[in-house]
Amino acid sequence: MLWHKAWLETRWRFISAVLILTVMAGGNVYGWLATRALLPQLNTTTISPAAEATGLGSVIREAVELNKTFRGYIWYQAFRQNLTQMGVLFAVVLGCGGLVTESTQGSALFTLSLPITRRRLVGTRAGVGLAQCFAMAIVPSLVIPILSPAVGERFGLVDALAHGLCIFFVGAVFFSLASFLSTLFGDIWRPMLIAISIACALAFASLVIPQLRIFSVMSGETYFKTGSLPWAGLLTSAVIATALLYSAAETLERRDF
Amino acid sequence: MILLKPNPSSGVPIYLQLMGQVKHAIETGALKPGEQLPSIRPLAEELVINPNTVAKAYRELEHEGVIELRQGAGAFVSDKAPTQQDAERLKAAQALVAQGIQRLRARGITDEEIRRLIEAELAGVYRSGGPRGE
Amino acid sequence: MFTEAEVHVVSDRPVIETAGLWKRYEGVEALRGLDLQVPSGSIFGFLGRNGSGKTTTIKVLLGMARPSRGEARVFGCSPSGQDGVEIRRRTAFVSDEKDLYDYMAVGEIVAFTRSFYPRWRADLEQQYLRKFELPLDRNIKGLSRGMRTKLAMLLALCRGADLLMLDEPTSGLDPAMAEEVLQALVGHVAAQESTVFFSSHQLAEVEQIADHVAIIDRGQTVVSDALDDLRARYRRIQLVFEGDAPEIRVHAPGTHRVRRQGRVITVLSSSSGDAVIQELRGYRPSSFDVSPVSLKDIFLESVRTED
């Protein structure tokens with residue numbers, strides 16, 4: 001019944017996450033209508049070559065080009081921005097909590113007096129959390145192909161699944177990070193803030209160090225541009241997530257209550 | 001239930017208090033020879049005391065011949081009818097105590113002091129066993 | 001099962017045993033060489049001031065904290081690793097705060113706990129649900145402290161456990177509820193052949209149901225004995241003299257606290273006073289009183305700060 005306990009502890013967070021992300025994805029689909037109306041204007045907009053040479057200029061250029069097609073628009077707005085950013089946030093939120101947090105609330109001693117190993121506790125919580133991350137990544141992604149016909153467009157089911165998978169793998173990294181940090185701190189805020197700070201730091205660092213472009217993996221940029229999944233990035237994410245969860249288990253094992 | 005809750009803080013071990021109560025019940029006729037005593041578990045629960053304590057009291061009572069423990073059946077007041085003799089012996093003892101207390105009171109010794117003297121005397125008898133000199 | 005007058009011993013080996021147990025938490029020494037033996041089938045009272053190490057001892061025995069040094073054994077096994085899991089399968093623990101899962105209902109936590117114990121007693125579950133009047137659908141968050149304590153007791157008593165470890169089982173309860181809890185404990189021990197190890201500040205309760213007692217002070221055992229033996233051994237002796245009381249020196253062993261005030265000398269002895277009494281009589285007091293000592297006074301004497 002440990003699964004049930006983990007579920008009870010995280011169900012509202014999970015349900016909120018899925019709902020919000022799904023609504024955002026759906027909102028993005030409907031937002032296409034407004035964007036489509038703007039398209040004629042976009043075509044006449046010119047950016048001078050000089051401006052384009054600057055960093056900001058090329059970003060604007062890229063944005064304009066991408067938003068000209070439904071597929072590009074969806075990738076730009078939904079996968080690259082909303083689902084990635086909010087996905088990281090919710091993955092962190094899901095990963096917080098656990099036994100050490102329980103000890104500030106008092107029931108940790110009851111849990112620890114049960115005939116279970118601490119590893120099993122961490123494993124159960126991680127299992128439930130990862131399943132939740134998966135649902136949180138896939139459901140909003142699937143909403144896109146389902147709702148696209150309503151705005152007169154089509155989006156491939158396989159494409160949506162591929163993007164969902166990318167969101168899940170990288171989201172799992174942040175989930176595991178939050179889980180690990182939660183074995184170090186008793187309160188629920190420090191793990192959250194630290195994990196999000198690390199996410200922001202990575203985002204900035206990746207502008208300078210290309211190897212750290214974890215969010216590009218999350219948004220499935222490679223898949224969008226070339227049709228093949230970012231296997232190296234996904235594998236690295238899986239390895240990092242596993243290592244973090246293992247560290248969480250080991251840290252908890254050594255802790256005195 | 002004829003047995004009263006023992007006083008845990010009185011300094012007298014609970015099993016001794018129980019033994020005293022059982023003996024008293026036998027003397028006053030509240031428990032008759034051959035009658036069954038309450039079982040250990042319900043008695044312990046009723047009085048909210050340790051079952052081991054009840055067991056110890058019963059064992060000591062059996063050792064003194066006051067009760068019999070029959071395997072599988074329970075604890076019974078022994079038939080030997082020491083009760084009558086005990087009752088008479090105790091009546092005589094009671095008279096002696098009453099006499100002694102009256103005389104001490106006549107000397108102006110308060111009840112509290114009398115109680116302490118008796119306690120001291122008993123403690124000496126329990127532990128030293130030898131003659132007390134003063 | 002209890003047959004008439006059989007001493008309640010499940011095995012000869014102590015259920016709980018510690019030897020030279022040390023525990024240090026971030027520079028604070030909670031346990032400093034604790035020695036403890038809890039006989040099987042006993043109701044064992046564990047006394048000590050706040051911060052003396054009672055809760056730490058229980059945590060170490062249940063594998064919640066690792067000893068810094070020394071040994072701790074429950075059922076002959078070490079509380080860590082897989083052995084620890086087996087120990088906890090046979091043990092029921094109730095914490096001081098009696099904190100449970102706020103987000104569950106009474107029925108939910110009963111089902112949750114039941115799933116971990118193959119020896120769970122469904123008959124006792126029904127019995128205690130009725131007796132303690134616990135509503136199955138009420139959220140734990142909405143339970144009063146008394147109800148929470150009763151729920152925690154139910155969860156402990158139904159596990160089919162060989163050992164019950166209770167940290168202040170009746171703290172915060174009114175006398176009627178406290179008696180209910182004690183009664184459930186006593187009834188359980190009588191019927192289930194288990195050992196009870198409980199810490200308490202309620203000395204009257206300890207005197208009521210415990211047959212063994214240990215007093216811990218500053219991380220060490222200072223007294224450990226059968227309660228009846230303690231009662232038999234400790235004596236308070238008071239001597240009154242005609243004139244000012246003389247300076248006396250008592251050589252007999254087991255003498256604590258010799259206090260002299262005006263014409264009165266009071267001596268506390270923990271070795272049944274035989275030798276002490278003989279020695280003191282030699283001073284020829286005009287009056288000589290011997291009285292028993294309550295557990296409270298034994299406790300206060302054992303844990304007092306140095307004069």
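A residue is called buried if 20 or more other C-beta atoms lie within 10 Å of its own, exposed if there are 12 or fewer, and partly exposed in between, with the C-beta atoms placed from the backbone. By this rule C:Arg218 is partly exposed, because 16 other C-beta atoms lie within 10 Å. The structure is a predicted model, in which local features need pLDDT of at least 70, side-chain atom pairs count only at pLDDT 80 or more, and totals for chains, interfaces and linings use all residues. Residues are numbered from 1 along each chain as its sequence is written, while chains are lettered from A and ligands numbered from 1 in the order in which they are written.

## Chains A and C

Chain A has 12 helices and zero strands, whereas the secondary structure of chain C comes to 10 helices and 13 strands. The table sets some values for these two chains side by side.

| Chain | Residues | Buried residues | C-alpha extent along the principal axes |
|---|---|---|---|
| Chain A | 257 residues | 39% buried | about 70 × 40 × 30 Å |
| Chain C | 307 residues | 43% buried | roughly 75 × 40 × 40 Å |

Two residues are said to be in contact if their C-beta atoms, placed from the backbone, lie within 7 Å. Among the contacts in chain A with a separation of 6 or more, 77% are accounted for by residues 24 or more positions apart; in chain C, among contacts between residues at least 6 apart in sequence, 69% join residues at least 24 apart.

## How the chains meet

Two pairs of chains are in contact, and of these chains B and C share the most contacts. Chain A and chain B do not touch, their nearest C-alpha atoms being 26 Å apart. Between chains B and C, 29 residues of chain B are in contact with 35 residues of chain C. On the side of chain B that touches chain C, at least two residues each are supplied by α2, α3, β2 (74–77) and α5 (111–127), and α3(B) gives the most, with seven residues.

## Inside chain B

Chain B is divided into domain 1 (14–79) and domain 2 (83–127), with bounds that come from an automatic or database domain assignment. The C-alpha centres of these two domains of chain B lie 26 Å apart.

Two packed helices are described by the angle between their axes and the distance between the axes. Axes are lines fitted to C-alpha atoms, for helices over the stretch in contact, and angles run from 0 to 180 degrees between N-to-C directions. In chain B, helix α2 (residues 40–47) packs against helix α3 (residues 51–63) at an angle of about 120°, with the axes 9 Å apart. The pair α2(B) and α3(B) is therefore oblique, since angles under 35 degrees count as roughly parallel, over 145 as roughly antiparallel, 65 to 115 as roughly perpendicular and the rest as oblique. Where these helices meet, B:Ile40, B:Arg41, B:Leu43 and B:Ala44 in α2(B) face B:Pro51, B:Val54, B:Ala55 and B:Tyr58 in α3(B) as contact partners.

## The nonpolar cores

A nonpolar core is a set of buried Ala, Val, Leu, Ile, Met, Phe, Trp, Tyr and Cys residues joined through C-beta atoms within 7 Å. The largest one holds 156 residues, and those that touch the most other members are A:Cys133, A:Phe174, B:Val54, C:Leu164, C:Met165, C:Val186 and C:Phe197. Its largest share, 15 residues, comes from helix α8 (residues 157–182) of chain A. Apart from this core lies another, of 10 residues, among them C:Leu239, C:Ile265, C:Val276 and C:Phe288. Leaving aside residues up to four places away in sequence, C:Phe197 touches C:Ile16, C:Val38, C:Phe44, C:Phe46, C:Leu163, C:Leu164 and C:Met165.

## Two loop residues of chain C

C:Arg218 is found in the loop between β8 (212–217) and β9 (220–226) of chain C, and its phi is near 50°, a positive value in a residue other than glycine. C:Glu193 is found in the loop between α6 (175–192) and β7 (195–199) of chain C, with a positive phi near 55°. C:Glu193 counts as partly exposed, because 15 other C-beta atoms lie within 10 Å.

Terms used. Helices (H or I, at least four residues) and strands (E, at least two) are DSSP runs, numbered from the N terminus.
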